[in-house]
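Hi everyone, thanks for coming. I'd like to walk you through one protein today, so please have a look at the screen.

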Amino acid sequence: MPVLEGRQEDIEKICAKYPPENRRSALLPVLWMVQEKEGWVSQDSMREVADVVGVTAAEVYEVVSFYTMFQQKPTGRHHIAFCQTLSCAVCGAYEAIAYICEKYNVPKHGPSEDGRFSIEAVECIGACTEAPAMLVGETLHGNLTPERIDEILSNCE
Ligand code: FES
């Protein structure tokens, strides 16, 4: 079933925010609709989005592959984006990522067997003063220690 089926009215509301000749400007919010529904953006979804906003599938792929907020493969119910850039690396990001992978059985690629978590190392998420930092879904968490990580992840079912 097409991922955007039944969403035409919402899509048109988004497109109406832009001049008709710039329907392609709706690309990011329409992609976000897909990501919110599916948790990731498949190649089929990219082709569907391309048709909806009037760009090529290659252009959609360029955008999806540029922004790390878009996932190109299935994720766990709780996707962890752990910053690995300098401030966080210096403050223990690699150790924290290893801790999460080991304690919560999260492979480096793809979701955990129980589908609960997935993890990826990302570039700076803008919380350098709270390094090390991660996003769980859309929620930012900083000043992470193993204890703090356990506290956060234990609330994720
Ligand atoms: S370096 Fe990690 S949030 Fe900026």
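First, some ground rules. This is a predicted model, so local features need pLDDT of at least 70, side-chain atom pairs count only at pLDDT 80 or more, and totals for chains, interfaces and linings use all residues. Residues are numbered from 1 along each chain as its sequence is written, and side-chain values use heavy atoms, with hydrogens and water left out.

Okay, the overall picture. We have seven helices and four strands here. Reading from the N terminus, the order goes α-α-α-α-β-α-α-β-β-β-α. The C-alpha trace spans about 50 × 35 × 25 Å along its principal axes.

How much of the protein is buried? Of its 157 residues, 41% count as buried. Buried means under 20% relative accessible area, exposed means over 50%, and partly exposed is in between, with a 1.4 Å probe and protein chains only. As for contacts, meaning heavy atoms within 4.5 Å, take the ones with a separation of 6 or more: 59% of them are between residues 24 or more positions apart.

On to charges. There are 13 positive and 24 negative side chains, and the centres of the two sets lie 2 Å apart. Lys and Arg count as positive, Asp and Glu as negative, while His and the chain ends are not counted. The place of a charge is NZ of Lys, CZ of Arg, CG of Asp or CD of Glu.

How many salt bridges does a search of the whole structure find? Seven. A salt bridge here is a side-chain nitrogen of Lys or Arg within 4 Å of a carboxyl oxygen of Asp or Glu. I'll show you some of them.

One joins arginine 7 and aspartate 10, at 2.8 Å from N to O. Arginine 7 is partly exposed at 28% relative accessibility, and aspartate 10 is partly exposed at 31%.

Another pairs arginine 23 with glutamate 12, at 2.7 Å from N to O. Arginine 23 sits in the loop between α1 (8-15) and α2 (27-38) and glutamate 12 in helix α1, so this pair ties together parts that are 11 residues apart in sequence.

Then there's lysine 103 with aspartate 150, whose closest N and O atoms are 3.1 Å apart. This one links distant parts of the chain, 47 residues apart: lysine 103 is in helix α6 (residues 93-103) and aspartate 150 in helix α7 (residues 146-153). Lysine 103 is partly exposed at 47%, whereas aspartate 150 is buried at 19%.

Let's stay in helix α7 for a moment, where we also find isoleucine 149. Isoleucine 149 is buried, with a relative accessible area of 1%. Apart from neighbours within four places in sequence, what does isoleucine 149 touch? Its contacts are Phe82, Ala96, Tyr99, Ile100, Tyr104, Met134 and Leu144.

Finally, the surface. Leu28, Phe66, Tyr67 and Met69 form a nonpolar patch there, with about 390 Å² of accessible area together. Patches take residues with over 30% relative accessible area and no salt bridge, joining like charges within 9 Å and nonpolar side chains (Val, Leu, Ile, Met, Phe, Trp, Tyr) within 5 Å. The areas come from the Shrake-Rupley method with a 1.4 Å probe, and for residues only the protein chains shown count as cover. Tyrosine 67 is in the loop between α4 (57-66) and β1 (78-83), and is partly exposed at 33%.

How values were computed:
Helices (H or I, at least four residues) and strands (E, at least two) are DSSP runs, numbered from the N terminus.
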